[in-house]
Amino acid sequence: MGASVDIVMETLADLAGRAFGWIGSVAVGADGGLAWLEDGVVADLLYSGTAGVLLGCAEATAAGIGTGQVPAGALGRLRYLADHGPGASTMEDDGLFTGWAGAAVALRAWSAATGNTAADDAAARITAQVADRVLAAADDPPGYTDIISGDAGVLLALIAEDSGAAAQAAHVLAGRLAAAAEPSPDGPQWRMVADWPSLTPGFSHGTAGAAYALAAAGRALHRSDLLDAATRGAETLLAIGHHPDGWGVPLVIPPQPHRPAVFYGWCHGPAGTVRLFVLLNEIDPQPRWQRAIAVCLQALRDSRLPERLYPGYWDNLARCCGTAGVGQLLLDRYQATGDPALLDWAGALAADVAGRTVITPEGVTWSNTEHTATPPQLPPEPGFMQGAAGIAGWLARLHALRTCPGNPAAVPRPGPSWV
């Protein structure tokens, strides 16, 4: 990719470490340790709060990058919440990115990166509480189905815990999620919630994420019916994933004239959708899944990201909707295949992100852009999916992989494979 990328590679470890310096500077004291604010309110979520900060710390630590006092504060806060339950937290649900399930995921990631048994114990306590609530509401009507806040995300957290109650609750959620599929001319699809006016087939809120969760649960729970449901969902995505400019699942069905036809990030584009095809190919390798993986990567190449082709086209640097999410996928595929071109591609994305760094006296951060706002630069965020923790975790992993070429397995992946 050229000398400019090589120069950037020398700075990645420094950028990642300094990002956690900035993250620590915007922390606030909270019961048990430190927390982070969203819109002026303490947020403990995986998407934008304490849990996400700890997940970013786990990624950086596994890559050999120091994160200062940030993880101790985040860990203390999440352990306190595990001990004191819902009355101690601002979390309003059990969602993966919006509630308690995400706290368990972050604690497990920190344990995987450091061997911290207290984090693992806290994750088990939180998961047990989530499982109890799922079982207590087993006869309730279905609600949200999606990865972000609904049954699909909670299901992923439950199957990560090896306990009878978690498995029992996972069976309940998996059955409910499979039953929530609705027919369409192209095959089954999952609506975010029953009365939602549109379908968003991508990973965060629709068919790709729901099918991924069913495939993961089918493997974990040894249920072929769940794998069958996931396969049918993947087939639907293959059927609808075509448009005049190439491949990509529609951003929304029916299309909306004020929004692009397709998107390219983790949330609604091939960077997320491909994870379903990767998982199905791990479970039952087939040429159609391998072709789908290749087509998703080609769609990302053809998109020309991170070029700003027009205002609003590619204004996000973060893990959910932006460059870091695509870059994380490239590192996953590099570690799965050993293809050095994927590592070089990730380096080109990192060069763009490094060029957009916001330098502060406390460290570095990044700002996403909203081209319709005045000014267009949004306030920097510390969290995982839209902020510095997720970007820094990716940069740290990229640095580690670049320093051990030819040995992709040398850098552990403490976080879950779906982020």
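Q: Which residue in β3 is the bridge partner of L37?
A: The partner of L37 is V42 in β3. This model is predicted, so to speak of a local feature a pLDDT of at least 70 is needed, and side-chain atom pairs count only at pLDDT 80 or more, while totals for chains, interfaces and linings use all residues. Residues are numbered from 1 along each chain as its sequence is written, and side-chain values use heavy atoms, leaving out hydrogens and water.

Q: How do you know that β2 pairs with β3?
A: Two strands pair if DSSP finds at least two bridges between them. Strands β2 and β3 (residues 41-43) are joined by three bridges and run antiparallel, so they meet that definition. They form a hairpin with two residues between them, and D39 in the turn has a positive phi of about 55°.

Q: What makes β1 and β2 a pair as well?
A: Three bridges join β1 (residues 28-30) to β2 (residues 33-38), again antiparallel. In β2, L34 is the bridge partner of G29. This hairpin too has two residues between its strands, and G32 in the turn has a positive phi of about 95°.

Q: Why are β1 and β3 called edge strands?
A: The open sheet has three strands in the order β1-β2-β3, with antiparallel pairing. Strands β1 and β3 each pair on one side only, which makes them the edges. From one strand to the next, the twist averages 60°.

Q: Which helix lies across β1, β2 and β3?
A: Helix α3 (residues 70-84) does, and α3 runs at about 90° to β2.

Q: Why is α5 called oblique to α7?
A: Helix α5 (residues 117-136) and helix α7 (residues 164-179) pack at an angle of about 45°, with their axes 9 Å apart. That angle makes α5 oblique to α7, because under 35 degrees counts as roughly parallel, over 145 as roughly antiparallel, 65 to 115 as roughly perpendicular and the rest as oblique. The crossing of α5 and α7 is left-handed.

Q: Which residues of α5 and α7 meet?
A: From α5 come T127, A131, V134 and L135, and they meet A165, A166, Q168, A169, V172 and L173 of α7. Contact means heavy atoms within 4.5 Å. The residues of this contact comprise eight nonpolar, two polar and no charged.

Q: What makes α6 largely enclosed by the rest of the structure?
A: Eight of the nine residues of α6 (residues 151-159) are buried, which means that this helix is largely enclosed. The buried ones are D151, A152, G153, V154, L155, L156, A157 and L158. They pack against α4 (100-114), α5, α7 and α8 (207-221).

Q: How do you know that G233 is buried?
A: Its relative accessible area is 0%, and buried means under 20% (exposed is over 50%, partly exposed in between, with a 1.4 Å probe and protein chains only). G233 therefore counts as buried.

Q: Where does G233 lie, and what does G233 touch?
A: G233 lies in helix α9 (residues 224-240). Not counting residues up to four places away in sequence, G233 touches P188, W190, T207 and A211. The C-alpha atoms of G233 and L45 are separated by 28 Å, and these two residues are 188 residues apart along the chain.

Note on methods. Axes fitted to C-alpha atoms, helices over the stretch in contact; angles between N-to-C directions. Helix = DSSP H or I, 4+ residues; strand = E, 2+ residues; numbered from the N terminus. Left-handed = near helix turned anticlockwise from the far one by under 90°. Nonpolar A, V, L, I, M, F, W, Y, C, P; charged D, E, K, R; others polar.
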